[in-house]
Amino acid sequence: MLEDAILEKEKRPDTKPVNELTDGFHLLIDAFKANGLNTIYGVPGIPITDFGRLAQASGMRVFSFRHEQHAGNAAAIAGYLTKKPGLCLTVSAPGFLNGLTALANATTNCFPMILISGSSEREIVDLQQGDYEEMDQLAIAKPLCKAAFRILRAEDIGIGVARAIRAAVSGRPGGVYLDLPAKLFGQVIDAQEGARSIVTIVDPAPSQLPAPHSVKRAIDLLKSAKRPLIILGKGASYVQADELIRSFVEKSGIPYLPMSMAKGLLPDDHPQSAGAARSLVLKESDVVIMVGARLNWLLSHGKGKSWGAPGSKRFIQIDIEPREMDSNVEIAAPLVGDIASCISALLEAMGGNWQPPSSDWIQAIAQKRETNLARMATKLQSNVVEPMDFHTALGVLKKIMKEQPETMLINEGANTLDFARSIIDIYKPRKRLDVGTWGIMGIGMGAAVAAAVETGNRVLAVEGDSAFGFSGMEVETICRYNLPVCIVVFNNNGIYRGTDVNPTGGPEVAPTVFVKDARYDIMMQAFGGIGVLAHTRDDLSKAVNEALESGKPTLINAVIDENAGTESGRIGNLNPQSIVTKT
Ligand code: ADP
Ligand code: MG
């Protein structure tokens, strides 16, 4: 034994032990991994190229995009789907600004996300001496996101990342900006000290229980209702309390209306779904309980004609953000807390002998729903063969989504969005990702990448030709990572429709039209993906089924009648119009 020990000692080199070192790059990676953040969406460049390489070498998944906005949109959707902040990594100034659009959008939608941008040196930026890509990024990000931090010392990386994560996911989730000056990455500190500086966050999004008296107030109001209605928003689908929400809806017997991204929280063909009787329930209900949905423009701010007679409505609102209450109309029973805790409390307070709403109310809704669904079914079965219109094409996709309900549906456009939202039923929670609170264009390919990466499921992206154009170059990203994404471009030759003409007869085409009969399908082929030109319902059905079967990156150019479609889809009323006639 003693001999062994002596031998062992002789083997060791005679040099003094040197402390192991670590640096900013590695500390950042360690800090993310310690908190279960293993995926980065970004665009490489100065000063973060090596960070991406090292992150990948450490086993993180790193997805490079062609433009930061789409990497950011992917990170935002990753946040929505996982309840962990999606990470987006960008270069300084212009890259940062491109990512910032996505960060602001994530914040607006209450999705947790962290935008990490490399930045130029403080000394030069603050004296405005004209550094490479100089910009005071922290100051610019601050008003556009939930929180913004800068880390200057390697030993602060652990705590800085912890602050960013907690800010993103706690309370109302949102976007966080993390500013990392180039110098930080190379800073070296003792490895043991570094390891101690990493923070593994305990309970990043703690439960927030509603006050018992607010639960009682809500239940009393609900009991007094003659024509109650539940509105489920994407906050309700975000929280992943699917069973709890389902029990609440079913136990209460109250009809519910899903906001677009809450579709599928309960299947759209659920008997209590009032989706197909939307106008009726908004107008006629007397007590409305909002669950993770806001009374913003998407719900006409809770007032006006669509909400029936003034004063006919009282609201219960469940939200984690206290300031959301009374944002647009008076909330009679605010229930501030996290959705899971609030719903649990309501379920308990409902007790064993809960009375479902009167059968008059239920029947009125059922009748309206049947009429509307029957009318829709006729439209979907129209015999128009070629060119397809929105209904013809969407009838095909509706059927496919019913047969393959695990498919992640991405949807953007104007008419393509409006029609798809009401025509395509969703059967499982968090399967529909769309333009969200801002109603923006450009989320398509970023959302498609994140949906594929985060869920491993097949992805079907239903895109207006205009909407697709905002992120179209990311088809290369989809092909490069060989993601199971099937894009269907509804090609009607333009924005809203393809028939506008230049009234002057001048050489430039009208501002809303594109190249006629553009071959988006060939774009996909350029990167080794599958491109299909679909003129008919059968073409479309065959191509989508093949794509979902094979999982190969596919783009189907669905030719839609250029006369189909209306100005701005269903929100044309938001367009100001000139009434001046020039003589
Ligand atoms: P939709 O567009 O579907 O109506 P919104 O994005 O307008 O949905 O509303 C989502 C709401 O959900 C936000 O007001 C947000 O504060 C809230 N929310 C998000 N997470 C939670 C949570 N864990 N508990 C309670 N409310 C939440
Ligand atoms: Mg179009």
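Helix axes are lines fitted to C-alpha atoms over the stretch in contact, and the angles between N-to-C directions run from 0 to 180 degrees. By that description, the axes of helix 4 (residues 68–82) and helix 19 (residues 444–455) come within 7 Å and cross at roughly 45°, where helices (H or I, at least four residues) and strands (E, at least two) are DSSP runs numbered from the N terminus. This is a predicted model, in which local features need pLDDT of at least 70 and side-chain atom pairs count only at pLDDT 80 or more, while totals for chains, interfaces and linings use all residues. Residues are numbered from 1 along each chain as its sequence is written, chains are lettered from A and ligands numbered from 1 in the order in which they are written, and side-chain values use heavy atoms, with hydrogens and water left out.

**Helix packing**

- Helix 4 and helix 19 are oblique to each other, given that angles under 35 degrees count as roughly parallel, over 145 as roughly antiparallel, 65 to 115 as roughly perpendicular and the rest as oblique.
- Helix 4 passes helix 19 in a right-handed crossing, a crossing being right-handed if the near helix is turned clockwise from the far one by less than a right angle, and left-handed if anticlockwise.
- Contact (heavy atoms within 4.5 Å) is made by His70, Asn73, Ala74, Ile77, Ala78, Leu81 and Thr82 of helix 4 with Gly446, Ala447, Ala450, Ala451, Glu454 and Thr455 of helix 19.
- The residues of this contact divide into 7 nonpolar, 5 polar and 1 charged, where Ala, Val, Leu, Ile, Met, Phe, Trp, Tyr, Cys and Pro count as nonpolar, Asp, Glu, Lys and Arg as charged, and the others, Gly among them, as polar.
- Helix 11 (residues 212–224) and helix 15 (residues 339–350) pack at an angle of about 60° with their axes 10 Å apart, and are therefore also oblique to each other.
- Helix 11 passes helix 15 in a right-handed crossing, and Val215, Ala218 and Ile219 in helix 11 meet Ala345, Leu346, Ala349 and Met350 in helix 15.
- By class, the contact of helix 11 with helix 15 has 7 nonpolar residues, with no polar and no charged ones.

- Asn492 and Gly494 are both buried, where buried means under 20% relative accessible area, exposed over 50% and partly exposed in between (1.4 Å probe, protein chains only).
- Asn493 has a positive phi of about 70° although it is not a glycine, and is buried, with a relative accessible area of 6%.
- Asn493 is found in the loop between strand 17 (485–491) and helix 22 (520–526).

**Other backbone features**

- Most residues other than glycine have a negative phi, and most peptide bonds are trans.
- Gln128, in the loop between helix 6 (122–126) and helix 7 (137–141), has a positive phi of about 50° although it is not a glycine, and counts as exposed at 65% relative accessibility.
- The peptide bond from Ile46 to Pro47 is cis, with omega near 0°, and Pro47 is found in the loop between strand 2 (39–42) and helix 3 (49–57).
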